[in-house]
Amino acid sequence: MWENLLLGVSTALTPTNLLWCFAGVVLGTVIGLLPGMGSATGVAILIPLTLTVEPVTALILLAGIYYGAQYGGTITSVLLSTPGEAASVVTTLDGYQMARQGRAGAALAIAAIGSFAAAILSLILLAALAPPIAQVALRFGPPENLAVMVLALATMVVLTTGSTLRAAAMACVGVLIACVGIDAGTGQARYTFGSVNLLSGIPYVEVVIGLFAVGEVLHQIRVGGARPIRAGFRDLVIRRSDIRDSAGAIGRGSLIGFALGTLPGAGSTLASFLAYGLEKRVSRNRENFGRGAIQGVAAPESANNAAANANFIPTLTLGIPGGATTAVLLGALTVYGIQPGPLLFTEQPELVWGLLVSFFIGNVILLVLNLPLAPVFAQLLRVPYGLLYPLILVTSFTGAFAIDNNFFSVVLVLIFGFVGYGMKRLDLPMAPLVVGVVIGGLLEKALVQSSAIFDGNMWLLATEPIAVVILLIAAAMLTAPLLARHRAGRKEHADVR
């Protein structure tokens, strides 16, 4: 292993590769700032520019765009409540509230620190465990993936602040939204109302931009808008106590992100939601979540960065993309004439280990660039909101249009903007709805495939031990709060008597 690492260091530290790594993370940050753009789109657009360089150099650039976009999406999530990346949706919940309280710099700084720490931990695990973890990931078929999706929904329902019933209803609404389009089982159109634009479904990017960005603008217009934040420089800088309070969240988020990132298709979005849910569960100050808890920024940011790195395990060792961006990168590998699979580590160690070491270098560059600039980014909040709101709307609609160059995407963003405004008026939780939209398609696909495996007899799911364990955990999470309330009610009744 040490020989391979030294080979990777010698490859990644060449002047050419260092330059392209720097260019990748900077481009990725800019791409992440644009709502709707996303790392997958950015990587796809720039693949043709890499055809004249060595494959390892090209992959270093594209990978830099991938994890650079993760942090770029965080900046707009915190400052404007506009997630540039789907994985940054959860960061909006507490990051934007911290910004409204004059602590945007601290939120951005802890996001950079958490992402860096997660990258280091995940890279160590990636280097040491990639081959054996790939073999374990092979055991996760449709039944196990179905169980993971059910656990994700259960986690978000249980850990959402407020009514559990409302959270469950919103999660179901999200799954129903994800059902629009072509039926995965029959190939028939459903809920499209004759619209050709809906045949491909309702993309979650448009849903997220509408709910969070446009919905927030409409809400602020109704209440009269907030005054520009005039926080002092000391308030914008992260404190030692912030790092101390976030250390546990960063560690737990990194481990969750890495574990889910190794599963094909799970992706960093699901990891960020689950990390946020767990942190809220174990925190002593869970009532602060959704109101500006710094752990609510540290956990999901660590998780999505760790998952982004771990996504390369199934991609490189199995030839199975771990997410949307790694699917594009998998296509790039074939363009460069590289065959991913178990033999890649032995046949082309220079490429694999050079790429892995470049992850570390790229995250160092991100930390050095963005940690000092966090207070500078936060100065954007000094702009009067009368000028900022039109900027948010223009950016949101432009980003939505750029996804498919289709005006229908803009219409969807506007529709879900009014939905988000209505949900704020009615105090309905958005996170469960977004989770339902994000994993609804994956849930249906796993359900259809499992049904095909079991010839329609879903009771045979009980013969899959891994799936059974995961489903039991989900059931325990859903029933534990009900049992706790029942016990509390009986105790209160007994005390009254």
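Select V413 to begin: V413 is buried, and its relative accessible area is 0%. The model on your screen is predicted.

**Stop one: around V413**

Colour helix α19, residues 407-426, and you will find V413 in it. Now show the residues that touch V413. Skipping neighbours within four places in sequence, V413 contacts E206, I209, G210, V214, F397 and A400. Next, pick F401. F401 and V413 are twelve residues apart in sequence. From C-alpha to C-alpha, V413 and F401 lie 9.6 Å apart in space.

**Stop two: the nonpolar cores**

Which residues touch the most other members of the largest nonpolar core? Select I202, L211, L270, L433, V434 and I439. That core has 90 residues. Then colour helix α7, residues 142-159. Helix α7 gives this core its largest share, ten residues. In soluble globular proteins, nonpolar side chains tend to be buried together.

Zoom in on L211. Leaving out neighbours within four places in sequence, L211 has contacts that include F416, V419, M423 and M430. L433 and V434 also touch L211. So does E216, along with G417 and G420.

Now move to a second, separate core. This one holds 46 residues, among them C21, L316, A332 and F345.

**Stop three: the cysteines**

Stay on C21. Is C21 buried or exposed? C21 counts as buried because its relative accessibility is 2%, under the 20% cut-off. Select C179 next. C179 is buried too, with a relative accessible area of 16%. How many disulfides does a search of the whole structure find? The search finds zero. A disulfide is a covalent bond between the sulfur atoms of two cysteines.

**Stop four: two crossing helices**

Show helix α5, residues 89-100, together with α13. Their axes come within 8 Å and cross at roughly 145 degrees. The crossing of α5 and α13 is left-handed. Which residues meet there? On the α5 side, select V90, T91, D94, G95 and M98. On the α13 side, select G296, V297, P300 and E301. Colour these residues by type: the contact has four nonpolar, three polar and two charged residues.

**Last stop: N304**

Stay on helix α13, which spans residues 295-310, and find N304 there. N304 counts as buried, at 0% relative accessibility. What does N304 touch, leaving aside neighbours within four places in sequence? Show Q70, A87, S268 and S272. N304 is in contact with each of these.

Notes. Residues are numbered from 1 along each chain as its sequence is written. This is a predicted model: local features need pLDDT of at least 70, side-chain atom pairs count only at pLDDT 80 or more; totals for chains, interfaces and linings use all residues. Side-chain values use heavy atoms; hydrogens and water are left out. Helices (H or I, at least four residues) and strands (E, at least two) are DSSP runs, numbered from the N terminus. Buried means under 20% relative accessible area, exposed over 50%, partly exposed in between (1.4 Å probe, protein chains only). Contact means heavy atoms within 4.5 Å. A nonpolar core is a set of buried Ala, Val, Leu, Ile, Met, Phe, Trp, Tyr and Cys residues joined through side-chain atoms within 4.5 Å. Axes are lines fitted to C-alpha atoms, for helices over the stretch in contact, and angles run from 0 to 180 degrees between N-to-C directions. A crossing is left-handed if the near helix is turned anticlockwise from the far one by less than a right angle, and right-handed if clockwise. Ala, Val, Leu, Ile, Met, Phe, Trp, Tyr, Cys and Pro count as nonpolar, Asp, Glu, Lys and Arg as charged, and the others, Gly among them, as polar. A disulfide is a pair of cysteine sulfur atoms within 2.5 Å.
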